[in-house]
Amino acid sequence: MRGLLVLALAVGGLGLGACGFTPLYAQRGVVASLAAIEVTAPDGRAGFLIREHLDDAFGRNRAAPAAYRMQLAIAETRYPRGVRTDNVASRYEYVMTADYILTRLPSGAAAKKGRVRVELTYDSADQPYASVAAQQDAQERAAEEAARRIQLELAAWMATGEPSGPKKKG
């Protein structure tokens with residue numbers, strides 16, 4: 001039985017290797033390039049949260065000089081969604097939009113621009129403290145998801161070959 005299991009795992013591994021599957025982070029330079037991004041976020045709680053999540057996601061190497069600088073602009077909106085009979089919202093939709101510009105250092109030339117939008121909902125309690133805690137939790141979750149999406153966009157962009165300039169038609 002154990003021999004069959006080992007044989008099945010070996011055949012499965014060979015099959016996966018033969019299909020051309022390459023993990024995103026196996027591309028040379030992706031991890032090092034992500035670690036060389038210095039994130040500049042706007043002031044405030046949302047800016048702090050998304051910068052912290054991006055630094056963690058990129059694995060920022062502070063011992064090496066940054067090769068890129070990311071400038072973030074964050075917009076937040078909150079919409080009442082679940083309205084009770086007394087016209088008080090019991091549920092909210094929280095939307096965070098993060099626009100980013102990645103520039104090369106030291107030249108400052110724009111390398112990539114992007115936008116991610118995260119939408120989520122949360123319950124609002126009658127107690128003020130619980131309501132504030134729920135809103136802050138939504139903000140934390142949105143910042144984490146926005147950072148994850150930005151990381152994936154940049155990793156895919158770096159893995160497929162960072163464009164060096166406009167392509168000529170010919």
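Me: What makes the side chains of strand S1 (residues 37–40) alternate?
Reply: Ile37 and Val39 point to one face and are buried, meaning under 20% relative accessible area with a 1.4 Å probe and protein chains only. The model is predicted: local features need pLDDT of at least 70, side-chain atom pairs count only at pLDDT 80 or more, and totals for chains, interfaces and linings use all residues. Residues are numbered from 1 along each chain as its sequence is written, and side-chain values use heavy atoms, without hydrogens and water.

Me: How do you know that S1 pairs with strand S2 (residues 68–83)?
Reply: Pairing takes at least two DSSP bridges between two strands. Four bridges join S1 to S2, and the strands run parallel. Glutamate 38 has arginine 69 as its bridge partner in S2; for isoleucine 37 the partner is tyrosine 68.

Me: Why do S1 and strand S4 (110–123) stand at the edges?
Reply: The open sheet has the order S1-S2-S3-S4, with mixed pairing. S1 and S4 each have a single partner strand, so one side of each is left without a neighbour in the sheet.

Me: Why are helix H3 (residues 45–58) and helix H4 (residues 128–159) called oblique to each other?
Reply: Their axes come within 8 Å and cross at roughly 40 degrees. Under 35 degrees counts as roughly parallel, over 145 as roughly antiparallel, 65 to 115 as roughly perpendicular, and the rest as oblique. H3 and H4 are therefore oblique.

Note on methods:
Buried < 20%, exposed > 50% of the residue type's maximum accessible area, 1.4 Å probe, protein only. Helix = DSSP H or I, 4+ residues; strand = E, 2+ residues; numbered from the N terminus. Axes fitted to C-alpha atoms, helices over the stretch in contact; angles between N-to-C directions.
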